[in-house]
Amino acid sequence: ANNEAAVFYERALQSAGRLDRVERSDRARVLTDLARVQHEAGSYEESRTSLRQAIRLVRDDPIPTADLRLALARSYHRTGELSQALRETALGLRLVEGDDVPEAQRGTARLRAVRAGLLSDQFRPRMALKVGLQAVAEAESSGELDALARAYTKIDEAYQTLGRRDE
């Protein structure tokens with residue numbers, strides 16, 4: 001099913017390329033959907049290519065660009081490329097960190113929570129704990145519940161690894 005969906009998304013992108021009235025953000029959304037089905041089909045490099053194309057289309061808009069960086073980070077994480085995944089979270093954070101817009105604050109929390117998980121997977125529990133605690137504060141203030149849950153999970157893992165089971 002994912003392969004068929006990918007074909008339809010690719011056809012839509014080809015058609016959009018011939019039309020001047022299709023917005024860049026709409027093309028980026030289709031590329032993001034294409035990347036998702038490519039990822040689910042195990043075509044990780046193709047998925048990343050689609051995400052990079054989407055980034056080029058929305059590069060002037062920091063919030064969707066940061067979300068796309070998060071998707072890239074998750075893709076790299078899936079294939080064990082933790083350093084590259086950390087790089088993507090850092091690039092995403094640079095775009096939205098410190099922005100007062102609520103969606104940027106939620107994006108910051110999501111990126112930071114994923115970053116805590118990456119650090120944990122690299123067996124860097126002290127850094128995972130530090131970043132996880134930042135993610136909790138950001139997730140609580142922005143109402144980003146998924147990031148909050150992920151951050152608390154990584155904090156717990158860090159405490160366990162550090163032998164601080166009572167905290």
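Serine 142 is in contact with Gln105, Arg106 and Ala109, leaving aside its neighbours within four places in sequence. The model described here is predicted.

**Serine 142**
- With a relative accessible area of 12%, serine 142 is buried, because that value falls under the 20% limit.
- Its side chain reaches the backbone oxygen of glutamate 138 at 2.8 Å.

**Packing of α6 and α7**
- The axes of α6 and α7 lie 8 Å apart, and the two helices pack at an angle of about 160 degrees.
- α6 is therefore roughly antiparallel to α7, as the angle is over 145 degrees.
- The crossing of α6 past α7 is left-handed.
- On the α6 side, the residues that meet α7 include Gln105, Arg106, Ala109, Ala113, Ala116 and Leu119.

**Nonpolar cores**
- The largest nonpolar core holds 29 residues, of which Leu68, Val96, Leu111 and Leu118 touch the most other members.
- At least two residues of this core come from each of α2 (24–40), α3 (44–58), α4 (62–78), α5 (82–96), α6 (102–121) and α7 (125–142).
- The most is given by α4, with 7 residues.
- Apart from this core lies another, of 12 residues, among them Leu129, Ala147, Ala158 and Tyr159.
- Leucine 118, leaving aside its neighbours within four places in sequence, is in contact with His77, Leu82, Ala85, Leu86 and Thr89.

Methods: Residues are numbered from 1 along each chain as its sequence is written. This is a predicted model: local features need pLDDT of at least 70, side-chain atom pairs count only at pLDDT 80 or more; totals for chains, interfaces and linings use all residues. Side-chain values use heavy atoms; hydrogens and water are left out. A nonpolar core is a set of buried Ala, Val, Leu, Ile, Met, Phe, Trp, Tyr and Cys residues joined through side-chain atoms within 4.5 Å. Buried means under 20% relative accessible area, exposed over 50%, partly exposed in between (1.4 Å probe, protein chains only). Helices (H or I, at least four residues) and strands (E, at least two) are DSSP runs, numbered from the N terminus. Contact means heavy atoms within 4.5 Å. A polar contact is a pair of N or O atoms within 3.5 Å; within protein, one must be able to donate a hydrogen and the other to accept it, and residues adjacent in sequence count only if both atoms are side-chain atoms. Axes are lines fitted to C-alpha atoms, for helices over the stretch in contact, and angles run from 0 to 180 degrees between N-to-C directions. Angles under 35 degrees count as roughly parallel, over 145 as roughly antiparallel, 65 to 115 as roughly perpendicular and the rest as oblique. A crossing is left-handed if the near helix is turned anticlockwise from the far one by less than a right angle, and right-handed if clockwise.
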